[in-house]
Amino acid sequence: MTDHPPLPHSDHESGSVVETEHRPRRVARFNRAITNKITRRLARRLPELGSLTHVGRRTHTVYRTPVSVFRTPGGFRIPLTHGRDADWVKNALDHGAVRLTTRSRIYELTDPVIVHDTERNYLPRPWRTFLGFFGVSYFIDFRSKTESGKKP
């Protein structure tokens with residue numbers, strides 16, 4: 001992760017989780033049980049949504065999590081709407097790589113870095129406003145290692 005250039009407002013701790021954000025765990029459980037199942041199929045095809053495939057750090061189980069996703073120079077930025085303590089974030093940081101399916105394309109992503117960005121750079125204006133309303137200022141940036149160009 002040392003050669004990943006930090007984007008503006010980066011935490012220069014190579015993705016380490018220092019502070020704990022407090023998001024209602026009930027919302028996270030509801031999303032995992034209901035919302036994720038509904039959006040998982042749509043997320044692979046719609047702009048600014050994607051399906052993140054990651055491996056559990058203890059169970060080594062493969063998980064798929066729908067996320068909002070935005071292009072950055074050389075990679076992607078994902079808002080941490082459930083905070084930096086979300087399981088998928090911990091899995092990505094631990095494993096160092098994930099697979100993203102978005103707009104019917106598959107990307108291998110590496111070098112996750114937690115970024116604190118109160119200005120919400122690299123986001124379209126409507127998303128800046130929306131995420132600002134909910135106080136989202138932490139993101140995870142990935143470098144795009146490959147693009148298969150294949151449809152999932």
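Q: Is Ser68 buried or exposed?
A: Buried, because its relative accessibility is 17% (buried is under 20% relative accessible area, exposed over 50%, partly exposed in between, with a 1.4 Å probe and protein chains only). Bear in mind that this is a predicted model, where local features need pLDDT of at least 70, side-chain atom pairs count only at pLDDT 80 or more, and totals for chains, interfaces and linings use all residues. Residues are numbered from 1 along each chain as its sequence is written, and side-chain values use heavy atoms, with hydrogens and water left out.

Q: What does Ser68 touch, leaving out residues up to four places away in sequence?
A: Glu48, Leu49, Arg77, Ile78, Pro79 and Trp127, where contact means heavy atoms within 4.5 Å.

Q: OK, aromatics now. How many aromatic pairs turn up in the whole structure?
A: The search finds 5. Rings of Phe, Tyr and Trp (its six-membered ring) pair if their centres lie within 6.5 Å; planes under 30 degrees apart are stacked, over 60 edge-to-face, the rest tilted. One of them is Trp127 with Phe130, edge-to-face at 6.0 Å centre to centre and 85 degrees between the planes.

Q: And which other ring does Phe130 pair with, edge-to-face at 5.1 Å?
A: Phe134, with 65 degrees between the planes.

Q: Which residues make up the aromatic cluster?
A: Phe70, Trp127, Phe130, Phe133 and Phe134 form one cluster.

Q: Switching to charges: what does Arg77 lie over?
A: The face of Phe139, 5.3 Å from the ring centre. The cut-off for a charge over a ring is NZ of Lys or CZ of Arg within 6 Å of the ring centre and within 35 degrees of the ring normal.
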